[in-house]
Amino acid sequence: MTYQPKSDFMRVMMERGFLADCTDYQGLDEAMSKGVVPTYIGYDATAASLHVGHLLNIMMLRWLQKTGHKPITLMGGGTTKVGDPSFRSDERPLLGAEQIDANIAGMKQVFSSYLTYGDGPTDALMLNNAEWLDGLNYLEFLRDVGRHFSVNRMLSFESVKSRLDREQSLSFLEFNYMILQAYDFMELNRRYGCRLQMGGSDQWGNIVNGIDLTRRILDQEVYGLTSPLLTTSDGRKMGKSQGGAIWLNGDMLSPYEFWQFWRNTTDADVGRFLKLYTELPLEECDRLGALAGSEINDAKIVLANAVTALLHGPEAAQAAEATAREVFEKGGAGEDLPTLTLTTDEIGDGISVVQLITRSGLAKSGKEAKRLIAENGAKLDDAPLTDAGLMIDADRLAAPIKLSAGRKRHALIKRAD
């Protein structure tokens, strides 16, 4: 791709590695260099929090606003009732309206850390597609919108084709999802002048459908831009760890655990992640990413601090680094570690150390906790834990104890006073 962008936004997208594909590089760049371009990304409410896998696109919205354009965060109150089949091997479980609303409330907590909402020309908007999808008349929708979609073409999209090639069922409900998402783009253009949809590269087919529909019905020129689907250098899907999803809500994953995720970045990913997930100058990202030996650990701390400060604030980042230094360098407990607090009723006559390891999130099951102990991977107050049958009583928990799984994952256990 040799195109030299005129607009600040397109330059940032290309230089920092956000750009996978665009429906019209030159057309979008021209539009962005002439004025404010309202732009949306949609988020289906399938969980109570966004996770690290969403962070790339949230950073794209942040850069969009910083370069003088208007971000729209679209909550999928309507589309979540159907479920996006893109590149999935099975149908998503259907959620009720109450659960969807609760998930949206949880997801909204994150965006204000990255975007400025308000009524100004470049202030972000928070919208919910249930506003226009819930009231659709089915027959009118089929006649006015459905007639613009070719089933042959929809079957050719990679997200659908890959499912059918594996001879896995694709329900009519899911097949409608791409029509609803296309309708979202058209409605956002009609109501708010939205001219760009962004998303992961798995959304390409859905985005193209929306562009076609908006052109056909409203005769408006709109654009699509996708980001790469990130994997770490060792092949893992971005945002997953041994303990599960890396949530962005502080009540689902502590700032310390979030910080630790970034501190544990593979050496080969540091430079790339600095460009994507922080606002450090490109030259500094390249310099830090090129460090070798023990010096790369300093770059990882810079990465962890910068990413955590954006989401949870500078004080949380500083506290997480201080806790990490206390835990790893001085062998201390660290007040900011994830903490499990138990009542005396929960402890009873004693609670097994296997239960504590499981309940604190250091292992997913009792079986995994026992294996951790058997393989000498567990510690109690920094001493090797060898007895899987060990019971911990209430007196022992009068002061917090520290449990460790491997060298990098720790939790405090204490008794409620």
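What follows is a conversation about those words and the values behind them.

Modeller: This is a predicted model, in which local features need pLDDT of at least 70 and side-chain atom pairs count only at pLDDT 80 or more, while totals for chains, interfaces and linings use all residues. Residues are numbered from 1 along each chain as its sequence is written, and side-chain values use heavy atoms, with hydrogens and water left out.

Colleague: Why is Gly106 called buried?

Modeller: Buried means under 20% relative accessible area, exposed means over 50%, and partly exposed is in between, with a 1.4 Å probe and protein chains only. Gly106 has a relative accessible area of 8%, so the residue counts as buried.

Colleague: What does Gly106 touch, not counting residues up to four places away in sequence?

Modeller: Contact means heavy atoms within 4.5 Å, and by that rule Gly106 touches Ala48 and Asn249.

Colleague: Which residues of α4 are buried, and what do they pack against?

Modeller: The buried residues of α4 are Ile100, Asn103, Ile104, Gly106, Met107, Val110 and Phe111, and they pack against β2, α3, β3, β4 and α15. An α-helix has 3.6 residues a turn, so residues three or four places apart point the same way.

Colleague: Why does Asn103 count as buried?

Modeller: Asn103 has 3% relative accessibility, so the residue counts as buried. Leaving aside neighbours within four places in sequence, Asn103 is in contact with Ala45, Thr46, Ala47, Ala48 and Leu95.

Colleague: What makes a group of residues a nonpolar core?

Modeller: A nonpolar core is a set of buried Ala, Val, Leu, Ile, Met, Phe, Trp, Tyr and Cys residues joined through side-chain atoms within 4.5 Å. The largest one here has 68 residues, and those with the most contacts inside it are Phe258, Trp262 and Tyr277. The largest share of this core, nine residues, comes from helix α3. A second, separate core of 28 residues includes Leu127, Met154, Leu188 and Ile211.

Colleague: What does Trp262 touch beyond four places in sequence?

Modeller: Among the residues that Trp262 touches are Val52, Leu55, Met238, Phe273, Tyr277 and Lys300.

Colleague: At what angle do α1 and α3 pack, and how is an angle defined?

Modeller: Axes are lines fitted to C-alpha atoms, for helices over the stretch in contact, and angles run from 0 to 180 degrees between N-to-C directions. Helix α1 and α3 pack at an angle of about 145 degrees, with their axes 9 Å apart. In this contact, Phe9, Val12, Met13 and Arg16 in α1 meet Met60, Trp63 and Leu64 in α3.

Colleague: Why is Asp219 called exposed?

Modeller: Asp219 has 67% relative accessibility, so the residue counts as exposed. Asp219 is found in the loop between α11 and β6, and has a positive phi of about 55 degrees although it is not a glycine.

Colleague: Why is Asn376 exposed?

Modeller: The relative accessible area of Asn376 is 62%, so the residue is exposed. Asn376 lies in the loop between α19 and β11, and its phi is near 60 degrees, a positive value in a residue other than glycine.

Colleague: Why do Gly35 and Pro228 count as partly exposed?

Modeller: Gly35 is at 31% relative accessibility, so Gly35 counts as partly exposed, and Pro228, at 24%, therefore counts as partly exposed as well. Gly35 lies in the loop between α2 and β2, whereas Pro228 is found in the loop between β6 and β7.

Conventions: Helix = DSSP H or I, 4+ residues; strand = E, 2+ residues; numbered from the N terminus.
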